[in-house]
Amino acid sequence: MSTILGIESLTVDLPHGRDRTRILRGVDLALEPGKIHGLAGESGSGKTMTGLAVLGLLPHGARVGGRILLGETDLLMLSARELNARRGNEIGVVFQDQSTSLHPMLSIGRQLTDHMRHHLGLGKREARERAVELLGLVRIPDPAGALDRYPHQFSGGMRQRIAIAIALACDPQVLIADEPTTALDVTVQAGILRLLRGLCDELGLAVLLVTHDLGVMSAVADVVSVMRDGLLVETGPREQVLQRPRDAYTRALLDALPRAGSDAGPHDDHEDPDPSGSSS
């Protein structure tokens with residue numbers, strides 16, 4: 001299967017006083033259509049920095065090496081304007097905190113349609129029709145009515161679904177989901193994970209799922225990469241990495257998972273119990 005997004009020998013250096021600190025130290029990843037590639041590791045391991053490098057959203061003063069290939073195009077060779085045209089268009093992104101991803105003073109319809117009119121050149125009516133389709137795709141109740149409502153009128157799980165709809169608005173080839181379920185309770189988390197899995201299968205998306213939670217990986221990832229101190233220590237099919245890890249660090253992460261016999265977790269088969277409430 002062909003690679004949609006290929007990351008080759010990626011390095012990132014950030015300024016640190018008069019010196020520089022290497023944050024990423026030769027990262028290699030390959031994202032394929034219709035597959036979820038999980039990127040796991042502790043906080044500070046470089047997971048989010050990898051996603052930000054793909055998006056061209058690194059901190060000021062960062063120096064980047066290697067290649068980030070979207071098809072045949074090296075994103076690191078593009079100008080800021082050229083990269084901006086691809087970001088949100090060919091590459092969608094869902095961040096951890098949906099409360100900061102959505103503008104509190106703009107209606108859901110405005111936030112969806114402005115995005116499509118800017119990148120796709122759609123007229124107002126076409127964009128609104130497309131917005132209704134997208135909200136239906138991510139299972140928002142009464143999608144037409146939802147366009148005229150505001151973020152605070154939805155629960156945390158529904159806001160995250162809306163953020164996913166915005167990320168998908170321009171039919172991207174790649175979706176970067178950075179800790180998309182961390183701020184949600186386990187029942188809502190399960191619904192978001194099933195949604196990502198379904199969208200990946202239905203639309204043929206290549207998804208980079210960034211998370212510290214190996215339980216999330218076990219629920220949805222096809223391929224798992226484990227990162228430590230800016231390096232990938234292990235990559236392979238989910239069953240291999242999570243059931244027969246080769247690296248001691250991966251084994252330590254797995255040993256740290258809770259072993260209590262609770263039924264709650266990423267495999268719970270529940271949807272958000274309150275699609276229109278204000279709490280998550």
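Predicted model: local features only at pLDDT ≥ 70, side-chain atom pairs only at ≥ 80, totals over all residues.

User: Is Thr11 buried or exposed, and why?
Analyst: Thr11 is buried, because its relative accessible area is 15% and the cut-off for buried is under 20%.

User: What sheet does E1 belong to?
Analyst: An open sheet of 4 strands, in the order E2-E1-E4-E5, with antiparallel pairing. Its edge strands are E2 and E5, and each of those pairs on one side only.

User: What packs on that sheet?
Analyst: Helix H1, residues 47–55, packs on it and touches E1, E2 and E4. The direction of H1 makes about 105° with that of E1.

User: What holds strands of a sheet together, in general?
Analyst: Strands pair through backbone hydrogen bonds, either parallel or antiparallel.

User: How many bridges are there between E1 and E4?
Analyst: There are 7 bridges, and the two strands pair in the antiparallel sense. If you want examples to click on, Asp13 has Arg63 in E4 as its bridge partner, and Glu8 has Arg67 in E4.

User: What about E4 and E5?
Analyst: Those two run antiparallel and are joined by 2 bridges. One to look at is Leu70, whose bridge partner in E5 is Thr73. E4 and E5 form a hairpin with 2 residues between them, and Gly71 in the turn has a positive phi of about 65°.

User: Which residues touch Leu29?
Analyst: Skipping neighbours within four places in sequence, Leu29 is in contact with Leu5, Gly6, Ile7, His37, Leu39, Thr50, Leu208, Ser225 and Leu232. On a related note, the C-alpha atoms of Leu29 and Ser9 are separated by 8.9 Å, and those two residues are 20 apart along the chain.

User: New topic. What's the sheet with 6 strands like?
Analyst: That one is an open sheet too, in the order E6-E7-E8-E3-E9-E10, and the pairing is mixed. The edge strands are E6 (91–94) and E10 (231–237), each pairing on one side only. From one strand to the next, the twist averages 15°.

User: How do E7 and E8 run?
Analyst: They run parallel, joined by 5 bridges. For instance, Asp178 has Val210 in E8 as its bridge partner.

User: Which helix packs on E3, E7 and E8?
Analyst: Helix H8 does, and its direction makes about 140° with that of E3. H8 takes in residues 186–203, so 18 residues, and reaches 25 Å from its first C-alpha to its last, close to the 26 Å expected.

User: Which residues of H8 are buried?
Analyst: Among them are Val188, Ile192, Leu195, Leu196 and Leu199. The cover over the buried residues of H8 includes helix H5 (124–137), helix H7 (156–167) and helix H9 (214–220), along with strands E3, E7 and E8.

User: What about the loop between E7 and H8, which residue lies there?
Analyst: Pro180 is one of the residues in that loop. Pro180 is buried, with a relative accessible area of 3%. Leaving out neighbours within four places in sequence, its contacts are Val94, Phe95, Gln160, Leu196, Leu209 and Val210. The C-alpha atoms of Pro180 and Asp97 are separated by 7.5 Å, although the residues are 83 apart along the chain.

User: Last one: what lies over the face of Phe154?
Analyst: Arg149 does, at 4.3 Å from the ring centre. As for aromatic pairs, the count comes to 0.

Key: Residues numbered from 1 in each chain as written. Heavy atoms only, no water. Expected span 1.5 Å × (residues − 1). Buried < 20%, exposed > 50% of the residue type's maximum accessible area, 1.4 Å probe, protein only. Contact = heavy atoms within 4.5 Å. Phe/Tyr/Trp six-rings, centres within 6.5 Å; stacked < 30°, edge-to-face > 60°. Lys NZ or Arg CZ within 6 Å of the ring centre and 35° of its normal. Pairing = 2+ DSSP bridges. Axes fitted to C-alpha atoms, helices over the stretch in contact; angles between N-to-C directions.
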